[in-house]
Amino acid sequence: MILLLGSTGYVGSAIRRHLEARAIPFHSLSLRDNHRDARDVLLEAVRRLKPQFLICAAGFTGKPNVDASEGQKALCIEANIGLPAKIGEVCASEKIPWGHVSSGCIYTGSRPDGSGFTEEDPPNFDFRHNNCSFYSGTKALAEEVLRDMPNLYLWRLRIPFSHVDNPRNYLSKLMRYARLVDVRNSISNLEDFARITHDCWAQRIPFGIYNVTNPGSVTTRQVVGLLQKAGLGPKNYEFFESVEAFHRLATCTPRANCVMDSSKLLRAGIRLPSVEESLGDCLRRWQPA
Ligand SMILES: NC(=O)c1ccc[n+]([C@@H]2O[C@H](COP(=O)([O-])OP(=O)(O)OC[C@H]3O[C@@H](n4cnc5c(N)ncnc54)[C@H](OP(=O)(O)O)[C@@H]3O)[C@@H](O)[C@H]2O)c1
């Protein structure tokens, strides 16, 4: 049996749906409890339920977007660093293998030769570089806290997209934003990501950090082109002149835009369709809200 944390969230619901669809036994547990410490709630649950594997999709992202984390720093620290640290301690003491949803937003840009960041590259969009959003800073710090813990997968998700319209879906966001910035990113199909959280464990691939992005990268203009070809979203898009112009005009926290390399996952035996293949598939199967 798998213990799933954060199953009511955007990412957690996708994992829950995947487990349900495959009839994989799991139990959802929320650690949002104002009266008891998350560690006590979790310890009691794992001793009672005896899970073989734990998936943590709980965390704080900021709503409607990452800007909200700037005004809720205590919550952001507790949910993104304190909570996974406590889960790690419980899993280590109870000898439960587990996986945690991390993020690719701890990087900006690409390697000097234009290739994607690998799991070996240290974050370059974090508190140490003093150039990040508060949210990205907490996700990078959480990796430092967690990375040496035993029997742990750290899955880096990056800009989730899917075939189902949702305010959190990258494709839905592009359809609704009034003005866009043209930037290059590696991105993650949410359904692929959900499948992989279980596959890593089911296939017993080595524990460690994995970039879970669909191979390749895309620019905003390329995705907009695909949306227009599929007859989705506005006919005419307006773009900021540059990233600098966007930051000058829009008062928001710095955004990570980055290229990632997901070949470690492939070498471990888990294949993801390319980003072009996956976007095409989502747009063909598009489900409006
Ligand atoms: N969405 C993205 O674009 C994105 C990208 C990269 C990485 N991630 C990471 O993915 C994880 C989930 O993100 P999401 O987008 O699914 O967020 P979400 O929709 O806000 O859901 C997060 C879930 O975490 C649980 N939670 C929230 N605050 C908590 C707290 N203080 N203590 C304990 N549990 C709490 C809640 O579920 P329960 O009450 O059911 O436990 C909540 O529904 C986060 O770690 C995030 O950093 C997200």
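# A chat about the predicted model

User: Buried or exposed, which is arginine 204?
Analyst: Arginine 204 counts as exposed, because it has 10 C-beta neighbours inside 10 Å. The cut-offs are that a residue is buried if 20 or more other C-beta atoms lie within 10 Å of its own, exposed if 12 or fewer, and partly exposed in between, with C-beta atoms placed from the backbone.

User: And what am I looking at, before we go on?
Analyst: This is a predicted model, in which local features need pLDDT of at least 70 and side-chain atom pairs count only at pLDDT 80 or more, while totals for chains, interfaces and linings use all residues. Residues are numbered from 1 along each chain as its sequence is written.

User: Ok, back to arginine 204, where is it found?
Analyst: Arginine 204 is in the loop between α6 (190-202) and β10 (208-211), and its phi is near 50 degrees, a positive value in a residue other than glycine. Helices (H or I, at least four residues) and strands (E, at least two) are DSSP runs, numbered from the N terminus.

User: What about asparagine 130, what is its phi?
Analyst: Asparagine 130 has a positive phi of about 50 degrees, although it is not a glycine. It lies in the loop between β4 and α4, and it counts as exposed because it has 7 C-beta neighbours inside 10 Å.

User: Zooming out, how many helices and strands does the protein have?
Analyst: The secondary structure comes to 10 helices and 12 strands. The radius of gyration is 19 Å, close to the 19 Å that the globule rule gives for 289 residues, so the protein is as compact as a globular protein of that length. Here the radius of gyration is taken over C-alpha atoms, and the globule rule is 2.2 Å times the number of residues to the power 0.38. Along the principal axes, the C-alpha atoms fill a box of roughly 55 × 40 × 40 Å, and buried residues make up 42% of the 289 residues.

User: Which residues are closest to the ligand?
Analyst: The closest are Thr8, Gly9, Val11, Ser30 and Gly59, among 25 residues that surround the ligand, where a residue belongs if its C-beta atom, placed from the backbone, lies within 6 Å. The elements that give two or more residues to this shell are α1 (10-21), α3 and β4.

User: Can we look at α3, then: why does its span agree with its number of residues?
Analyst: At 1.5 Å a residue, the 22 residues of helix α3 (residues 73-94) should span 32 Å, and its end C-alpha atoms are 30 Å apart, which agrees. The expected span of a helix is 1.5 Å times one less than its number of residues.

User: Where does α3 bend?
Analyst: It bends by about 30 degrees at glycine 82, and proline 84 follows within four residues. The bend at a residue is the angle between axes fitted to the seven residues ending there and the seven starting there.

User: What do the buried residues of α3 pack against?
Analyst: The buried residues of α3, including Cys76, Ala79 and Leu83, pack against α2 (38-49), β3 (53-56), β4 (98-103), α4 (134-146) and β5 (152-157). Two residues are in contact if their C-beta atoms, placed from the backbone, lie within 7 Å. After α3 comes lysine 95, whose phi is positive, near 55 degrees.

User: And α1, how many residues has it?
Analyst: α1 has 12 residues and reaches 17 Å from its first C-alpha to its last, close to the 16 Å expected at 1.5 Å a residue. Its buried residues include Val11, Ala14 and Leu19, and alanine 23, which follows the helix, has a positive phi near 55 degrees.

User: Which peptide bond is cis?
Analyst: The bond from lysine 63 to proline 64 is cis, with omega near 5 degrees, and proline 64 lies in the loop between β3 and α3.

User: Last one, what does serine 262 touch?
Analyst: Not counting residues up to four places away in sequence, serine 262 touches Asn211, Val212, Thr213, Pro215 and Leu272. It lies in the loop between α8 (243-249) and α9 (263-267), and it counts as buried because it has 26 C-beta neighbours inside 10 Å. Serine 262 and serine 186 are 76 residues apart in sequence, yet 9.4 Å apart in space, C-alpha to C-alpha.
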